[in-house]
Amino acid sequence: MRAARTIALLTTSLLLLSGCSTKQDQPFSSQVGLQLFMWPWQSVASECEGLGNQGIDWVLVSPPQEHIVGSAWWTVYQPVSYQLQSRLGNRSDFENMVKTCDQAGVNVLVDVVINHMTAQDSGIGFAGTSFEKYNYPGLYGPEDFHNCGLTAGNSIENYGDAKQVQTCELLGLSDLDQSRPNVQTTIVGFLNDLLNLGVTGFRIDAAKHIAPSDLEPIVSALPEETIFLLEVIRGAGEPIQPEQYSNLGYIWEFDYARSMRSYFEDQLIGYIDPATRFDSYLPSDRAISFISNHDTERNSQALNFNYQREFELATSLMLAEPYGTPMLYSSYYFFDYDAGPTEENGLVTAVACPTNPTSDNSYEDRDWICQHRWASVEKMIRFRDLVDQTAVVNTVQTENLFGFEREGKGFFIVNVSPEAEETVEAQTTLPDGSYLDLLSDEVFEVNAGKITLTLKPLSAIALVKN
Ligand code: ARE
Ligand code: CA
């Protein structure tokens with residue numbers, strides 16, 4: 001994509017100028033991201049320095065615009081206006097967050113909701129704006145919305161019908177008609193406002209529900225280097241597939257997250273066919289790999305905090321293998337699908353991470369989990385950097401084990417069994433000598449290309465030259 005190419009060129013010149021390399025100079029496809037779901041702007045700002053030190057290149061923050069009022073987390077997915085005033089903070093909080101993160105070498109990507117507005121007949125938004133379902137003063141009137149006329153209630157009923165998916169209402173949310181020039185202009189104005197505050201790019205929420213031909217003029221109207229991450233959920237047998245959007249941005253590969261759940265939660269790692277594993281996925285340089293996001297942690301399609309240790313190991317495998325641009329996920333504990341984070345006076349309270357964040361912790365309702373602070377995450381980002389650009393070779397696979405060499409540089413292996421300790425002798429092309437497991441700090445010896453690895457239940461080893 002043009003954005004990636006421009007960044008790569010820029011990178012080369014920056015490297016030549018500065019003579020040193022930081023993670024920030026890397027093209028987007030070799031960066032590591034983190035979704036900080038429902039983190040208020042002030043908390044993101046406070047976290048950014050630590051994130052930069054950990055090797056995290058970008059954060060994805062929740063939708064920042066004025067939204068409907070309510071305590072469920074998903075109110076932020078019903079825009080009332082594009083003012084930056086929400087339960088996560090105001091415009092100056094947002095601006096300060098972007099600056100602070102930038103100084104820490106962390107780019108901010110913003111979740112933007114441009115497919116639709118609200119599902120309410122009428123109301124008053126978080127910042128005091130009065131609206132009706134098809135009328136948003138100063139932004140959109142009734143003519144700016146689709147009236148699909150394909151289902152009784154105008155809502156999407158059948159994902160097998162492309163026209164429904166793109167012109168009817170997702171969950172009853174008034175559906176903007178992005179083929180209209182004034183709708184495009186208004187959306188572009190909103191995105192430009194965010195870019196002027198220093199953000200690097202966007203997650204386009206519900207991108208699947210906007211025809212590629214309607215999204216293209218919006219993408220084209222923005223500066224070339226803008227990063228777009230598109231939410232086009234892969235659905236088996238559906239007429240709309242992620243590949244139809246891949247010239248417009250990077251796309252989450254939902255089958256990657258789904259398969260990670262089956263490998264770790266259902267312990268089906270022995271069934272992977274390494275030769276064909278990625279064949280039905282988006283190409284690596286177009287894909288965002290991930291273990292979960294805010295939808296999949298609620299709809300049981302992916303691992304979540306009910307399988308913390310598995311979540312941690314799956315995250316390690318994702319960081320160890322070269323597929324896609326990995327996005328980490330950090331969230332809060334809940335019992336109820338709708339439950340938003342704790343609030344005071346209508347604002348989400350500052351995030352408090354556990355004092356000792358590990359995947360063995362237990363939580364109360366709506367405690368922040370801070371998965372990204374687990375020690376293994378920083379270590380595996382380090383592994384990823386150290387083995388960068390090397391091929392995957394010498395795959396090891398048994399019923400419970402899956403591992404591979406990153407050619408000549410490192411070795412990663414994971415045991416998905418909650419009960420069995422496993423030992424394997426692996427053949428490698430690693431030069432003989434001693435290797436350090438970044439995860440445990442133990443030293444292993446490679447002799448005549450062979451290495452003996454013993455893994456406790458639910459554990460991993462990530463070796464690099466000592
Ligand atoms: C809430 C209530 C609803 C109510 C609605 C309107 O929960 O009961 O009807 O309000 O009053 C989020 C929440 C929703 C919430 C919504 C609006 O998840 O619960 O609705 O905000 O406040 C499809 C889309 C995909 C979408 C998922 C959820 O393709 O784009 O559905 N994901 C994004 C966000 C969501 C967000 C929205 C979109 C809306 O990530 O968090 O909703 O802005 C198959 C298909 C998929 C389909 C999936 C689920 O797998 O292949 O395409 O995903 O089924 O139906
Ligand atoms: Ca639509």
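How far does a polar side-chain atom of Asp-295 lie from an oxygen atom of ligand 1? That was the question I opened my notebook with, and I kept in mind that this is a predicted model.

**Entry 1: the ligand's contacts**

I looked up Asp-295 and found 2.4 Å between one of its polar side-chain atoms and an oxygen atom of ligand 1. Next I checked Lys-208, where an N or O atom of the side chain is 2.7 Å from a ligand oxygen. I then turned to Arg-203, and there the corresponding distance to an oxygen atom of ligand 1 is 3.0 Å. I also noted how covered the ligand is: alone it exposes 940 Å², and the protein buries 76% of that.

**Entry 2: the shell around the ligand**

I wrote down that 19 residues surround ligand 1. Lys-208 and Asp-295 from my first entry are among the closest, together with His-209, Glu-231 and Glu-238. Sorting the shell by class, I got nine nonpolar, four polar and six charged residues.

**Entry 3: the pocket**

Where does ligand 1 sit? I found it in the largest pocket. I recorded a volume of about 630 Å³ for this pocket. Its lining has 25 residues, and those closest to the centre are Leu-170, Leu-171, Glu-231, Ile-233 and Asp-295. I was pleased to meet Glu-231 and Asp-295 here again, as both are also among the closest residues to the ligand.

**Entry 4: the cavity**

I noted about 40 Å³ of space in the largest cavity. Which residues line the largest cavity? My list reads Phe-311, Thr-315, Leu-328, Tyr-329, Gln-371, His-372, Trp-374 and Val-377. I traced part of this lining to α8 (308-320) and β10 (325-330), each of which supplies at least two residues. Five of the lining residues are nonpolar and three are polar, and I found no charged ones.

Terms used
Residues are numbered from 1 along each chain as its sequence is written. Chains are lettered from A and ligands numbered from 1 in the order in which they are written. This is a predicted model: local features need pLDDT of at least 70, side-chain atom pairs count only at pLDDT 80 or more; totals for chains, interfaces and linings use all residues. Side-chain values use heavy atoms; hydrogens and water are left out. A residue is near a molecule or strand if one of its heavy atoms lies within 4 Å of it. A polar contact is a pair of N or O atoms within 3.5 Å; within protein, one must be able to donate a hydrogen and the other to accept it, and residues adjacent in sequence count only if both atoms are side-chain atoms. Accessible areas come from the Shrake-Rupley method with a 1.4 Å probe; for residues, only the protein chains shown count as cover. On a 1 Å grid over the protein atoms alone, a cavity is a set of points where a 1.4 Å probe fits but cannot get out, and a pocket is an open set with protein on both sides within 12 Å along at least five of seven lines; lining residues have an atom within 4 Å of a point. A molecule sits in a cavity or pocket if more than half of its atoms lie within 2 Å of its grid points. Ala, Val, Leu, Ile, Met, Phe, Trp, Tyr, Cys and Pro count as nonpolar, Asp, Glu, Lys and Arg as charged, and the others, Gly among them, as polar. Grid points are joined across faces, edges and corners, and a volume is the space filled by probe spheres set on the points. Helices (H or I, at least four residues) and strands (E, at least two) are DSSP runs, numbered from the N terminus.
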